[in-house]
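Please examine the sequence and the structure shown here.

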Amino acid sequence: MKKTLLIALSLGVTVAATSTLATAMDPETDRQQLVDYFQAKNPKIAVDEYVNGAYIYSADKMQQWEAAEEFPPYLDAIDAGEAHYNKDIATYEKCFGTDVSAIRPKYPYFDEKTQQVVTLEGAINSCRTDAGLKAYKWKKGALAQVSAYLAYNARGQKINVKIDTDGARAAYEAGRNIYIKPTGQLNLSCAKCHTYNAGRKARSNLLSPILGHTTHFPVFRAKWQNLGTLHRRYGGCHKNMRAKPFKAQSEEYRNLEFFEAYVSNGLKINGPGYRE
Amino acid sequence: MNSKMKQLLTALALSTAVLTVPATVQAAEKAASAIDEGKKLAFSRSKGNCLACHMVADGAMPGNIGPAIIAMKLRFPDKQKLFDKVWGTPESQTVPNSMMPPFGQNGILTDSEIHKIVDYIYTL
């Protein structure tokens, strides 16, 4: 009796999660449960702070990171992004309007016509190819730079992903399943690292919480020595799990981004970011 | 003790051992090398990579996702149960959402590699 109770308690979120999965899932209840879970786990960390990734769990690392952000290595990339943008500005303004600060906050969104999630990077490349321009490469380079320029201009605005149709709910659920389901040779899931063990260390790597995962992308990583998109990172984590990564901008990763962005609703956009 | 002296003593100890009970020494050496191999397999990033999640003896930069690998004999009086835990038999997987990979089940390590790792951690 006592034992079953304990197991039920330690299952916590999962029990609630699977039962909502069985019935029609309500993304807002799901998001709120996740926020509650993180608050219960670390009552001293305010929700706003989740935009800073793993650094919120270590005063030392936070200090080093703040020092790095004073002369951030991504400034040249923002300038390069602006130059790319201005080179094709007539095309971009037709797609996105003239206010560069208003673009990033609209993504990702669920497009009812195509019944697909549209990401910022996806929209940039569709805008280009629709106008007869060449698409950028997906994971780094010009695309990441333009994305960084647009994120930079939108800093301080809030993530505000809307779900109010069955199609959008289905995309959220599909992304959530990828996040939760163990996969690959090591039998790991995104949730095992970024929900259940957020704040713990894998070797010397502090694990970041899912909340805020999308706020600061694209990211300049010391390890990459350049800027990379969110989907580049997803691919890296899937490889570390010894699982086959999906392609950048595949339906799977767009749904995953949609899910991760939705649960980060209300957090401030602070991209591009710097990470180890 | 100075190192010369130590060498001498070891040499003596070894030679007497070889002279008197060669069979046990060979067995002991074999066991010792299996334990060494077990340690290498446990620490190697491409094999066990146990340090990703566990503190293990003097291993550098351990993670802290799983419990420290210590007092294994106390925790697992039945060595087979320890093997099963690392292998990942269904009965051994009792912790919900555990990060512990099922090393045998998923073919990450061979049974013989797992035996060596278990021999090693059983000394901790």
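Is A:T91 buried or exposed? A:T91 is buried, because its relative accessible area is 17%, and buried means under 20% relative accessible area, exposed over 50% and partly exposed in between, with a 1.4 Å probe and protein chains only. This is a predicted model, in which local features need pLDDT of at least 70 and side-chain atom pairs count only at pLDDT 80 or more, while totals for chains, interfaces and linings use all residues. Residues are numbered from 1 along each chain as its sequence is written, chains are lettered from A and ligands numbered from 1 in the order in which they are written, and side-chain values use heavy atoms, with hydrogens and water left out.

A:T91 belongs to helix α6 of chain A, residues 89–96; helices (H or I, at least four residues) and strands (E, at least two) are DSSP runs numbered from the N terminus. Neighbours within four places in sequence aside, A:T91 has contacts with A:C127, A:A131 and A:L133, where contact means heavy atoms within 4.5 Å.

In soluble globular proteins, nonpolar side chains tend to be buried together. A nonpolar core is a set of buried Ala, Val, Leu, Ile, Met, Phe, Trp, Tyr and Cys residues joined through side-chain atoms within 4.5 Å. The largest such core holds 69 residues, of which A:F38, A:Y85, A:F96, A:I124, A:L150 and A:F258 touch the most other members. With residues up to four places away in sequence not counted, A:Y85 touches A:Y92, A:F96, A:G97, A:V100, A:I103, A:V146, A:Y149 and A:L150. Another core, of 31 residues, lies apart from it and includes A:C193, A:L207, B:C50 and B:F83.

The next topic is the interface. In chain B, 22 residues are in contact with 19 residues of chain A. The two chains bury about 1700 Å² between them, 51% of it on carbon and sulfur atoms; buried area is the accessible area (1.4 Å probe) that two parts lose on being put together, summed over both. B:I65, B:N97 and B:M99 supply 33% of the area that chain B buries against chain A, more than any other three residues. The side of chain B that touches chain A divides into 12 nonpolar, 8 polar and 2 charged residues; Ala, Val, Leu, Ile, Met, Phe, Trp, Tyr, Cys and Pro count as nonpolar, Asp, Glu, Lys and Arg as charged, and the others, Gly among them, as polar. Between chain B and chain A there are 0 salt bridges, a salt bridge being a side-chain nitrogen of Lys or Arg within 4 Å of a carboxyl oxygen of Asp or Glu.

Several backbone features of chain A remain. A cis peptide bond joins A:F217 and A:P218, with omega about 0°, and A:P218 is in the loop between β4 (205–206) and β5 (219–221). The peptide bond from A:G271 to A:P272 is also cis, with omega near -10°; A:P272 is in the loop between α12 (251–263) and β7 (273–275).

A:Q115, a residue other than glycine, has a positive phi near 55°. A:Q115 is in the loop between β1 (109–111) and β2 (116–118) and counts as partly exposed, because its relative accessibility is 39%. For A:Q225, phi is near 60°, again positive in a residue other than glycine. A:Q225 lies in the loop between β5 and β6 (226–228) and is exposed, because its relative accessible area is 56%.
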